[in-house]
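Trainee: I'd like to learn how to read a protein model feature by feature. Could you walk me through one?

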Amino acid sequence: MTQTTAVHWVGAGLASGPGIISLAEAGVALTVWDQTPDRAEMLREELSPNATMDICTLDLAKSVSVAEFMAKVEPNDVIVSMLPAALHMQMAEIALEASAHLVTSSYISPEMAGLHALAENAGVAFVNEVGLDPGIDHLFAYLLVDAAESAGVMGQGNAIEFVSYCGGVPAVKTDFTYKFAWTPYGVLTALKNEARFIEGANRKTVEKAWEDVSSMDIFGETFEVYANRDSLPYVGEYGFGGEENLVKFVRGTLRLAGWK
């Protein structure tokens, strides 16, 4: 008899709702963990009658609570960590001890990358950058590069510009011109991150992302865009490492006009 793989979704904040609901509706053996059950209970109210999920309390600052969590995680279960990025390493250590897989939507930190061999030896997968940005934007980048290669425009010395902007915008414009899908504090502090990209065939560094916001017209609508974090490692990752005439390469954020 094959054991059913369970999913332990940790964190029921603003960005978690769609994923939790989708898994519950698909009949996955799902447990939602949060410091308080309130937000998870609100999500349960949105489920259809046949969809189910368990709700448990997890406080990573309390060893007793962590022990209760680990007692429920079986080998080959999947832990989805939607906690702040600073807590992913603690979840990774738990996953290693439990022989469970780990999924996060955050950028791969050097510390997380350093666990690659340990995860491989343990036979578990640590999958990061599974969100919108980073995540879905990666998928579309690979599709775009594949199309360019099929069209024979890569590796020919052509002047190439790669621009990838994405972000959540509200269906109805608000005073803040943004629909919060994660902690407002995190959204705002991200604007203070250093950004690195290629512009005019040269590497450029902006000390704070919000200092380099520009406008872009897309299908007749004006948006504001800015570079997000460090785009440079993705030059090679996306397949542009051999391009001698890379004029522009930027991964960035898209906002409604008026954001800045």
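This is a predicted model: local features need pLDDT of at least 70, side-chain atom pairs count only at pLDDT 80 or more; totals for chains, interfaces and linings use all residues.

Trainee: How many helices and strands does the protein chain have?

Mentor: Helices (H or I, at least four residues) and strands (E, at least two) are DSSP runs, numbered from the N terminus. Here the protein chain has nine helices and 12 strands. Its C-alpha atoms fill a box of roughly 55 × 45 × 35 Å, taken along the principal axes.

Trainee: What share of the residues in the protein chain is buried?

Mentor: Buried means under 20% relative accessible area, exposed means over 50%, and partly exposed is in between, using a 1.4 Å probe and protein chains only. Of the 260 residues in the protein chain, 39% are buried. As for contacts (heavy atoms within 4.5 Å), take those with a separation of 6 or more: 57% of them join residues 24 or more positions apart.

Trainee: Now the sheet. What is the order of the strands in the open sheet of six?

Mentor: Strands of a sheet pair through backbone hydrogen bonds, either parallel or antiparallel. For us, two strands pair if DSSP finds at least two bridges between them. The order in this open sheet is β3-β2-β1-β4-β5-β6, with parallel pairing. At the edges sit β3 (54-57) and β6 (126-127), each pairing on one side only. Zoom in on β1 (residues 6-10) and β2 (residues 29-34): they pair in the parallel sense over five bridges, and His8 stands opposite Thr31 in β2.

Trainee: Which residues touch the most other members of the largest nonpolar core?

Mentor: In soluble globular proteins, nonpolar side chains tend to be buried together. A nonpolar core is a set of buried Ala, Val, Leu, Ile, Met, Phe, Trp, Tyr and Cys residues joined through side-chain atoms within 4.5 Å. The largest one has 22 residues, and Val10, Phe69, Ile79, Met91, Leu102 and Phe126 touch the most other members. Two or more residues of this core come from each of α3 (63-72) and α4 (88-98), with the largest share, five residues, from α4. Apart from it lies another core, of 16 residues, including Val32, Ala40, Ala51 and Met53.

Trainee: Is Val103 buried, exposed or partly exposed?

Mentor: Val103, in strand β5 (residues 101-104), is partly exposed because its relative accessible area is 22%. Leaving out residues up to four places away in sequence, Val103 touches Val78, Ile79, Val80, Ser81, Val127 and Val130. The C-alpha atoms of Val103 and Val127 are separated by 4.8 Å, although these residues are 24 apart along the chain.

Trainee: What should I look at in the backbone?

Mentor: Most residues other than glycine have a negative phi, and most peptide bonds are trans. In this model the bond from Asp133 to Pro134 is cis, with omega near 10 degrees; Pro134 is found in the loop between β6 and α7 (136-150).

Trainee: And where is Phe219 found?

Mentor: Phe219 is in the loop between β10 and β11, and its phi is positive, near 50 degrees. Phe219 counts as exposed because its relative accessible area is 88%. The flanking strands, β10 (residues 214-218) and β11 (residues 221-227), pair in the antiparallel sense over five bridges, and Ser214 stands opposite Val225 in β11. Arg229 also has a positive phi, near 60 degrees, and lies in the loop between β11 and α9.

Trainee: Last one: which residues line the second largest pocket?

Mentor: Rolling a probe the size of a water molecule over the atoms shows where empty space is left. On a 1 Å grid over the protein atoms alone, a pocket is an open set of points where a 1.4 Å probe fits, with protein on both sides within 12 Å along at least five of seven lines; lining residues have an atom within 4 Å of a point. The lining is Tyr107, Ile108, Ser109, Pro110, Ala113, Glu129, Arg229, Asp230, Pro233, Tyr234 and Glu237. The element giving the most is α9, with three residues.

Terms used: Residues are numbered from 1 along each chain as its sequence is written. Side-chain values use heavy atoms; hydrogens and water are left out.
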